[in-house]
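I set out to look up charge pairs and the ligand site in this model.

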Amino acid sequence: MKGKTVILGVCGGIAAYKAAALCSKLTQAGVKVHVVMTESATKLVGPVTFQALSHEAVRIDTFDELDPGVISHIDLADRADAVVVAPATANMLAKLAHGIADDMLSTILLATTAPILVAPAMNVHMYSNPATQANMELLRERGVQFIEPGIGQLACGYLGKGRMEEPEAIVEYVRAHFAAQEAPKPLAGKKVLITAGGTVERLDPVRYFTNDSSGKMGFALAEAARDKGAEVTVVAARVSEPLPRGVTVVRAESALQMEEAVLSRFAEMDLVVKAAAVADYRPVEAAPQKIKKTGETLQVTLVKNPDILEELGKRKEKQFLIGFAAETEQVETYAMDKLHRKNCDLLVANDVSRSDAGFGTETNVVTIFDKNGPALSLPLLSKRETAERILALALERMMGGGQA
Ligand code: PMT
């Protein structure tokens with residue numbers, strides 16, 4: 001982070017006191033910190049505190065021009081490598097979402113082209129208010145990065161979500177942001193499609209068949225590909241994880257919907273990874289009304305779903321195709337069968353009988369197969385690290401290297 005210029009926006013929330021520690025830690029890490037406070041923030045912490053910690057003048061008023069040679073809000077906005085708003089109040093998020101620029105900080109936020117990172121802090125009801133949630137969703141879609149507030153005791157007396165993340169964690173987030181920005185981008189210019197989650201096969205309007213996929217593995221792959229510079233599309237079925245940012249997300253509930261979403265985009269893709277757990281069968285038809293409890297037994301007839309990966313294997317031209325296999329026994333035999341039958345370039349097999357691998361876990365243990373057999377066996381790793389290693393092997397193969 002050394003040598004970076006960060007604007008630290010401080011809004012009028014009680015967590016403004018934590019912004020002083022954040023300012024100090026960023027400055028100690030070699031960052032040039034320009035603090036911009038709202039009028040309300042100055043009622044909670046004195047600007048002199050930030051001036052002493054940052055060794056820079058603190059800006060509050062848009063018309064308080066310190067240097068006649070420049071227009072200060074534009075000059076600051078242009079010089080920033082990142083703008084960090086901590087604490088970000090519901091009011092400031094609303095202004096940012098709707099392009100309102102009526103003070104120095106909101107004007108800089110509108111004028112800057114630098115990445116914006118916000119650490120919200122507010123009362124739990126203000127946080128969960130649909131207006132705040134809608135503003136945050138809009139901002140996420142526009143690429144604003146959120147450092148999520150924690151759950152805990154709030155200054156207003158409530159217990160809930162809304163407590164600003166600790167300064168140390170925000171510093172780490174900022175550090176990771178700059179590191180990701182500067183990391184090599186070997187997938188720049190490439191289009192990547194990842195499927196994630198478990199499909200939902202409807203029985204009636206309130207009941208369905210699904211599986212335990214959380215979306216973690218697919219999202220880890222999407223985030224890793226995004227950070228390597230790829231233009232990423234995620235086709236997400238039922239997931240329990242927050243959607244990844246900075247990627248295009250297409251929702252597809254059933255196998256049939258996923259088939260349509262994937263096949264219609266396949267031609268333009270360079271790399272496709274099918275990490276979703278797709279149901280092999282679906283009810284022959286979904287009842288239009290809730291099925292009533294009548295007999296002692298209920299017979300449901302299932303019909304085979306199309307195999308999306310197999311179809312991709314048939315259509316494959318330039319695309320590099322990676323399949324997954326969730327197995328509980330004879331992992332290599334089944335994995336190799338799927339690799340050949342579905343014409344994959346690589347097949348990632350996870351032994352889902354393990355408690356620390358496969359569905360819903362934070363970690364995974366995979367063996368990656370190519371047409372010659374096991375190509376890479378990975379130890380127990382986080383799903384993000386597993387994703388990094390899968391993509392590294394794929395990149396090597398896409399560049400034409402490393403294969404016997
Ligand atoms: O989401 P998580 O909780 O993180 O869990 C991750 C995971 C266990 C779901 C993931 O690592 C995984 O193994 N995904 C594939 C699960 C699966 O459906 O495996 P399979 O062996 O049934 O299918 C083999 C391959 O064919 C998969 O790439 C699957 O997406 C694809 N397939 C299967 C059936 C079908 N009708 N169409 C398909 O495209």
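**Entry 1: a pair within a helix.** I began with Arg175 and Glu172, whose side chains meet in a salt bridge at 3.2 Å, N to O; the term requires a side-chain nitrogen of Lys or Arg within 4 Å of a carboxyl oxygen of Asp or Glu. Both sit in helix 9 (residues 167-182), and because they are three residues apart, about one helical turn separates them. Helices here are DSSP runs of H or I with at least four residues, strands are E runs with at least two, and both are numbered from the N terminus. Arg175 is partly exposed at 37% relative accessibility, and Glu172 is partly exposed at 43%. I use buried for under 20% relative accessible area, exposed for over 50%, and partly exposed in between, with a 1.4 Å probe and protein chains only.

**Basis.** I note that the model is predicted, so local features need pLDDT of at least 70 and side-chain atom pairs count only at pLDDT 80 or more, while totals for chains, interfaces and linings use all residues. Residues are numbered from 1 along each chain as its sequence is written, and side-chain values use heavy atoms, with hydrogens and water left out.

**Entry 2: pairs across the sequence.** I then looked up Lys318 and Asp270, a salt bridge with its closest N and O atoms 3.7 Å apart. Lys318 lies in the loop between helix 12 and strand 16, and Asp270 in the loop between helix 11 (255-266) and strand 13 (271-274), so the pair ties together parts 48 residues apart in sequence. Asp370 and Arg397 form another salt bridge, at 2.9 Å between the closest N and O atoms. This pair links strand 19 (residues 366-370) to helix 14 (residues 383-398), 27 residues apart. Asp370 is buried at 5%, as is Arg397 at 12%. I recorded 28 salt bridges in the structure.

**Entry 3: the ligand.** How many residues surround the ligand? I found 27, the closest being Ser213, Ser214, Lys338, Asn350 and Gly360; a heavy atom within 4 Å qualifies a residue as near. A backbone N or O atom of Gly360 lies 2.6 Å from a ligand oxygen, a polar contact (N or O atoms within 3.5 Å). A polar side-chain atom of Lys383 lies 2.7 Å from an oxygen atom of the ligand. The side chain of Lys216, in helix 10, reaches the backbone oxygen of Gly360 at 2.9 Å. Strand 16 supplies the largest share of the shell, four residues.

Note on methods. Polar contact = N/O pair within 3.5 Å; in protein donor to acceptor, adjacent residues only side chain to side chain.
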